[in-house]
Structure formats: structure tokens, C-alpha cells
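Work through the exercises below with the sequence and the model open. Each task is followed by a solution in steps.

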Amino acid sequence: MCGIIGILSDQPAAPRLVEALKRLEYRGYDSAGVAVLEAGRLKRLRVPGKLNNLDEKVREISLKAGVGIGHTRWATHGQPNETNAHPHASGRVAIVHNGIIENFRELREAMEARGRKFETETDSETIAHLIDEGLGKGLSPRDAFKATLDQLRGAFAIAALVEGEENLILGGRRGSPLVIGIGDKEMFLGSDALAVGPFTQRVIYLEEGDWCALTRTSFEIFDASGKPVKRAEVHVPAAGAAAEKGNYRHFMQKEIYEQPDFAGRTITAYIDAYELKCVLPTRPGKKALDFTKFDRIQIVACGTAYYAGFVAKYWFEQLAGIVADVDVASEFRYRDPVLTPKTLAIVVTQSGETADTKAAMEYCKAKGVMTAAVVNVPTSSIARECDAILPTLAGVEIGVASTKAFTAQLCALLATAVTAGRQREFLPRETERKLVRAMIEIPRLISEALKIEDQIMKLAPEVAKARDILYLGRGQHYPIALEGALKLKEISYIHAEGYAAGELKHGPIALIDENTPVIMAAPHDHLFEKSLSNLQEVAARHGRVLLVSDAAGIKAAGKAPWGTIEIPTCERIIQPIVTIIPLQLLAYHVAVEKGTDVDQPRNLAKSVTVE
């Protein structure tokens, strides 16, 4: 879970960069580095392992430069060594980068054809080359940076230094967060308020598509078109920087908007973007997963994590050809489940401390079954005790109703299913490449889905009037309907139920009337015609359907829905990850409309540590 810090000051920057990076250690990392402009020339220090190694290196050299950038990195597709560590450099340029550049391969191949040489296979190095190439064409640093941003496709946060420019740091964001810190004759740039917290309590949160140019005494902010803009300054108490809402009204809203960043961080831990293949992360003391040894997968989880596992059931069966069952953890061990030596038990948990999930994992271990944990807290009980770990890099989630942890779980589970398909020789290599390309697009697609918030805000007051709401979905969207209903009832206290759309005529249709909205998750896929039939059945009984679909689905539905929410068109396999975004936003804005306690809904706890 990468961290970014940039400093412009008259004081030596390198020790302060390390100090700020230490504030970001909670994110996890396996390499770190800094770059400074020492006497106008780029100087990079990078190390694998812990920040103490970088700290020692910085102290030995005693750099005097007052301008620099720093980074902590989780290795994605490359060893956590010095070569692959950030900052990356090309010519006069050094950069640090969070996120995924979707089109880095085509950009790199075009530059290689023009004679540029690359040291790594990372997407990040491409950014440095693009900026340096712009400088070589006579562009100013600002213009070269903007021209580079215009060529990038994906979700990212970037900070850049240019050799010879000792009073300039450039930064830009799309999907991943970036903040400016304002000091006394010094300026800072960070991946969040915590990064700049040791130096200032005055911050500005850059908005989607913004980029900036910082000097020691000033800053300029531009929107995606290059037009100068003003953004609000926020005072962040030093002690509260780790739990700061920024410009958001609630932590839940902030965490919904963090999903492009944290989904991207999770995805990059599971894919080799250069080879276009999935590679499961490895951790010391944990076993590697070999899916050729299993003939069945047993998924166990609670609440939102259960619905992530439910989606994964479809993925494991469709992509790996392996039987997958999913159980609620609180019921699992009490039904005396049949487990065999060829069963892999996968538990899914945000906290790693959920009592029922932990008990289910212990039951499986007692039966001699190998266990794997999809878990967000690497120091948790479940993370320590499982045989294999499948980490999610969602960061700290403060809102009780889970959002970014859910999408991170889906990303980790999808990559695991693709890996299983390749290992079992069920998934053709070209299909895997296609799926990895689709996964790389997820952060950008989530960012696009978030742009419909204004439309959802207009729909929320009408939805908030309902006493009961039905959510419908088919196939892999059935669990998404369940999760959408759970989000709504958790924070708005409206009774909501999710159903498989095909079950409508087996009972739920009796509830349909003009006072019971029906929210249908139905992107255009191979099951869409059946979903459309269900929609028409509801409309024929004077029911009001709010359809969540892509452009093709909304066009096919015609005038039958009461309202529509359009999500970006994407590959079928990643549709659930994109579809859940508007359902999260709808739940949030309905709760705001009703005036409930969004972040701490009644009777609920973030982690259920008792049975």
C-alpha cells in the first residue's frame, strides 16, 4: 500500500522524507526510497526491506538538498529490490507513483521504438520517460508533466522532480488521493494528510483530475483541462491526521471515494502487468497455493465478506472449473460440513478477528484441511494462524458499513480464481491475458462510476420514503443485490431484501406495489434478457424499478424502469466490482437524507469479536 511524500524547504529534505514515510508504515511495504536534487542534480537512495535501512543510508551520506520525494512500495510483479523500488528515474526526471497505468505497455513499446532504454518492467518507469521525453522536445517542466498526464490511462497519484529545478515539485492525481501541505516558507505533497502531518496542519485535498506545481512559497493547482482552480484549505489536527475525513462529510463517503486507489493497490499486488498474468503474493512463513491439489473450495465468511465470497464462488467455478461452496461462518461448523483432504478452505475477513470466521477456520484446520485467509490486517489472529494468506490492501476502514474492504476482497478473490484457472490448465493463456487487462482497468472504471453521485443524490429522497425495498440480481449480480440491500438497511434502517431475480415469481412478487421500490443490478450480459423479463414483470404490477446497468442495458430496458443509474461498460467478469459502487452511494445518500448516523449505525460494531 504505497505512500508518497514530497518536500520543498530550506532544511535538508532526506531525513524529513524518511520521517514522513515512517508515518505511513502502517500501510505495509517491502521497499522504500527517496530522490533529492543535490546541487541541482538528481540523487536517488533506494533500499529493499525496512525504513531503518533507508534511514541509515541517508544518515551516512548527509544530503543537504531541501527538495525531494519519497515512497514506500509493496512489490507487485518484480522483486522487492533496489532496481524496482521507487523513485524511478529517466534522464532529468525522478517520479514516485501510486496506482496503475493501464496503457503503459503500448506507451513503453512506442518509446522503445524511438530508442529509449528501460531499466525495469514496471508501469511507473514509463511516467518518468514520458516527462523526460517532453523535456527533450523543449517543453517546460509544467508542460511536459501535463502532456504526460494527458497520455496516461488509469488511476494514479504522481509526484515528480526535474533536475535543475530546485524550487519545483509537480504532482497530479486521478483516482488515487494526493494532498498539498502548506508550511512556513516550505511546501509538502503527500498521499494523505498523515504523510504531511509531521510538518503542517494546513492541507489542500486535490480533486479528481487535478495537478499542481509547488515552490517553497507558493502553489498552483490546475484541473484536468489545465485551467487554474482554487481548492479549499483544511485544518487537520496533527493527532487526527490518520482519521481525517478531508472534504468528505462522513468517513463512509471518503472510503467509497478511496476505492479506485485501494482496489488498485490490491490488484497490483496480485498481477504481473508486464506479462499480463496473475501471481499470488507470498509472505514469509506462509504456504504457496497450488490449486492442482484441490478438487473443492469451501469459502466461509460473515456479512459483507460473505457476499464477496459468494461472488467468488461464481468466479472459481467459471474460471477454474472447481467446485466452490460458500457458507455463513456462524452456521458453518454447526452443520458438520463434509471436508476432504482435497478441500481448500478460504476465509474472508476485513479485521482478521471476526469470532465466527476464526472458529470456522480453526474447525477446518482441526479436520486437516488447508486454510487460506483473504484478510486486510496482516497482524490479526486469522492472518497469523492461516496456512496461506491472500492480503487485501484496503488500508484502515473507519466506517462501520464496509465499502473499500469489500471491493479489495473482490479484487483479491478474482485474481486468485484466475490463478487457479491457470494452474489447473482450465483457463487458456490468452483468456488470462484478457482478464488481467480487464482487472487493470478496475480503478479507472470505479472512478468513472463515482462520477454519477449527483444523479444518485437526486434519486435518494424518493428512495428514502420507502419502508421496504427489494434488490434483484442474476448470476454473479445476485450477491451484489444482497450486498446492496445490506448496505441500505445497515445505515438507513430501511427494510431491504436481496433476491435472485429468477426467484421473483416464487414468492417476492407478492410484495410488489407502487410503494415498494425494486432496485435491479443488471449490467448487459448473457443473462440480461432474463433480467429484463423480471423487470417487465415488476413494471406490469405497477412496481417502480430503479435499474443499475450499462448503456446497452439501459437502452434495451426502454421506458420500463422508473429510474436508471448508468455504470461504465466493462468486461463481464469485473461487472460486480463496478456495479456495487452506485449501490454504496445510494445507501449512503438515502441514510444522509434520513439523518441517521452513517459512520456508526445503531447496534453495529466494526468487528464482531464474540459469537
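**Exercises on the fold and backbone**

In the protein chain, 72% of the contacts with a separation of 6 or more are between residues 24 or more positions apart; a contact means heavy atoms within 4.5 Å. The model is predicted: local features need pLDDT of at least 70, side-chain atom pairs count only at pLDDT 80 or more, and totals for chains, interfaces and linings use all residues. Residues are numbered from 1 along each chain as its sequence is written, and side-chain values use heavy atoms, with hydrogens and water left out.

**Exercise 1.** Compare the radius of gyration of the protein chain with that of a compact globule of 611 residues.

*Solution.* Step 1: the globule rule is 2.2 Å times the number of residues to the power 0.38, and the radius is taken over C-alpha atoms. Step 2: for 611 residues the rule gives a value near 25 Å, and the protein chain, at 24 Å, agrees with it. Step 3: the C-alpha trace spans about 75 × 55 × 50 Å along its principal axes. Step 4: of the 611 residues, 63% are buried, where buried means under 20% relative accessible area, exposed over 50% and partly exposed in between (1.4 Å probe, protein chains only).

**Exercise 2.** Describe helix H13 and its covering.

*Solution.* Step 1: helices (H or I, at least four residues) and strands (E, at least two) are DSSP runs numbered from the N terminus; the protein chain has 20 helices and 26 strands. Step 2: H13 covers residues 404–423 and reaches 29 Å from its first C-alpha to its last, close to the expected 28 Å. The expected span is 1.5 Å times one less than the number of residues. Step 3: 18 of the 20 residues of H13 are buried.

**Exercise 3.** Where is Glu425, and is its side buried or exposed?

*Solution.* Step 1: Glu425 lies in the loop between H13 and helix H14 (429–440). Step 2: its relative accessibility is 73%, so Glu425 counts as exposed. Step 3: phi of Glu425 is positive, near 55°.

**Exercise 4.** Examine the backbone at Tyr493 and at Pro87.

*Solution.* Step 1: most residues other than glycine have a negative phi, and most peptide bonds are trans. Step 2: Tyr493 has a positive phi of about 65°. Tyr493 sits in the loop between helix H17 (478–492) and strand E23 (495–500) and is partly exposed, at 28%. Step 3: the peptide bond from His86 to Pro87 is cis, with omega near -5°. Pro87 is in the loop between strand E4 (67–73) and strand E5 (88–90).
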